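Here is a short tour for you to follow alongside the coordinates. Please have your viewer ready.

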Amino acid sequence: MQPNPAHIDPSDDEEQGVNSPSGDSQMQDILSDIFHMQTDGGSGGSRTFSLSGISLHHLTRLLRAASGGNGPRLYIEQDEDEDEDEDEVYEDDDENWVPESRPYRRPWYEEVKEPAKEGVELLYSGDFGRIGPKSRSRRKATNLARQVLGRNYTAVPVTYREELTSDMVPNSNGTTVAEYASNIYTGQFSTDSSFYYTCAQDFRLHIFDTSAPPQRIGPHRRYSSHGDDGMRTTMKVSRTIQGRAGRWTITDANLSPDNESQDDLFLYCEDFKSSKAIILSFFSFSQTPTVYMTSTREDSPQQVPIPFADPAHSRSRLGYDSYYSESFGIYSCRFSADGNEVIAGGNGKLFVYDLLANKRTVKISAHSDDINSCCWADTSSGNVLVSASDDTFLKVWDRRSLGASQKPSGVLVGHTEGITYVSAKGDGRYVISNGKDQALRLWDLRKMRSSQEFESIREKHYGIRGFDYRYSRYSKPRVKAHPKDCSVMTYRGHTVYRTLIRCHFSPAASTGAQYIYSGSADGKVHIWSLDGRIVQVLDRSKTLPITFDPSAPDVEPTRGSRQSPCVRDVSWHSQEPVLISAAWSSAEGGSHIARHEWKGLSKMSGRLEDWNQKQQQEEEEVVGARRRSARLREMIQRSTAAPSMPGALSDEEDA
């Protein structure tokens, strides 16, 4: 079978067979005609030549050859049910990436409508919260109002919060709670969700008090900015920290665990390279790989540098002393569970820094390309590290075995393009990753590939040649996963373009971590169940303006904007069914922060008893319909099975 030209990069000659003799001869004829047209230009006459029999792929190849192979690539999008005359051709812009105004008519991947067997096994394994709520939810036996109003109702212990909240998934398109003039790269709740913090491209860190009531803004009232940083918000801003200025952005920020000795410390990092969208430096004149640590409880806190480079004046391998220290970027940083160590990753290197001893304890040449994200595998110890790179691999490192060899304990193979983010469940077993191959994958560290297996496949690449997630659309790949794929589950539906979009597990206390969620370049927030199904999609193009109350009863959907924002980061409240998403505006620039809530029982008009009665009536109607359907099927079976009686009308006579 010939590959579908609607999803193939025309520059890939091997995949399309454009090197055929007939195609080359036709292209030579065209070049010959063009040459004769140029030589006869002085005659003043006009000449034409026929393009019959020449496909669009041949012309595309000809144009790219004329530009030295550096011209913009052409892609073709065609509906399978339409004629070839209705093809749509669009050109990638090499300067400014603009989100799609509409999605593809037919995605190249299959939409998941039924639970996957592997995912169901995960749900009932006991590793993702209590099994009882999941079983009742699948049987449609959950009735929150009945539990609340029941005579024998007793308070549910805090440890069993999941019994009531596991099915409460945020379902509103959100209400704007903050507008900011710069792109936000990190937006996360604190561990107890008492505050929400962001870091942005203007090198500022904002801390919002989420326990304080919102500041209401009337529809006819002009609200003032917060300070002089262009922030407009209904949330209370408790702190604004000005980071060390650089040339691009703060690439990452992380909050230490609650520890009085650490005094709620912030960790943020930047880098110099402007060749990647999220990478910048602390200083406009330096590439020093430094992370800064600061406090969240002071108005003007001290910013302590944490250097990850080798000290200056170290003897190089060439035999002379180097005056300058190493130069590379730090793109990701995370505190350990006890807050005493920091893991950081950058240009192919992975580090661990001991804050108590004030020295770097681990340096690994981990990957052949940039490390976009790194994390600790568990919250109980700091022995297992995970790094995710643009070389398409995730590597697992055990510090206890690094003394003998700097080889990874295992490699997670499955992505075919670079990896934008890795997030750990915290149990030392499961992690998830977002990839530029438009896939979110779930991994079990017990099923990783060995270092020996990795050595045999490390040089093989299965991605799309020349694909750049910052500018290009992702066409149909040659393979959906690496041939040595060892991921447990794969989740699709979102788009990973323009920036390193992040993904997370839902909170363990309220949902058992049974959901996975991610932002998307198409302006949506996707929430998956572990079984592979998309349980909720929140559309940021329909987010309400800042003048609305995010906790009020839901209103009719508003008309969406022509271009959707790019949702960079999303955070789920640890105790409530609330999400906060940070999205980049596609037209006017800057960012909009939106609050998404579960618009269920508490966000509906009427009394609790009315809602309970309505739900009971609907359940009775469903049961009645099932009974009528069962009786009807039984009557049909009896009529078809019974022998014909003398004188009875046949079907033909009755018709």
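The model is predicted, so to speak of local features a pLDDT of at least 70 is needed, side-chain atom pairs count only at pLDDT 80 or more, and totals for chains, interfaces and linings use all residues. Residues are numbered from 1 along each chain as its sequence is written, and side-chain values use heavy atoms, with hydrogens and water left out.

**The sheet**

- Four strands make up an open sheet, ordered S17-S18-S19-S20, with antiparallel pairing.
- Strands here are DSSP runs of E with at least two residues, numbered from the N terminus, and two of them pair if DSSP finds at least two bridges between them.
- At the edges sit strand S17 (371-376) and strand S20 (410-412), each of which pairs on one side only.
- On average, neighbouring strands of this sheet are turned by 20° against each other, direction ignored; the axes behind this angle are lines fitted to C-alpha atoms, and angles run from 0 to 180 degrees between N-to-C directions.
- Strand S19 (residues 394-398) runs antiparallel to S20 and is joined to it by three bridges.
- Lys395 has Val411 in S20 standing opposite.
- As background, strands of a sheet pair through backbone hydrogen bonds, either parallel or antiparallel.

- Asp252 forms one with Arg334, and their closest N and O atoms are 2.7 Å apart.
- Asp252 lies in strand S9 (residues 250-255) and Arg334 in strand S13 (residues 330-335), so this pair ties together parts 82 residues apart in sequence.
- Asp252 is buried at 1% relative accessibility, and Arg334 is buried too, at 12%; buried means under 20% relative accessible area, exposed means over 50%, and partly exposed is in between (1.4 Å probe, protein chains only).
- Asp252 and Arg334 also belong to a salt-bridge network with Arg502 and Asp569.
- Glu341 forms a salt bridge with Arg399, with 2.9 Å between the closest N and O atoms.
- Glu341 is in strand S14 (residues 341-346) and Arg399 is in the loop between S19 and S20, 58 residues apart.
- Glu341 counts as buried at 13% relative accessibility, while Arg399 counts as partly exposed at 22%.

- Asp398 forms a salt bridge with Arg400, the closest N and O atoms lying 2.9 Å apart.
- Asp398 is buried at 17% relative accessibility, whereas Arg400 is exposed at 62%.

Methods:
Salt bridge = Lys/Arg side-chain N within 4 Å of Asp/Glu carboxyl O.
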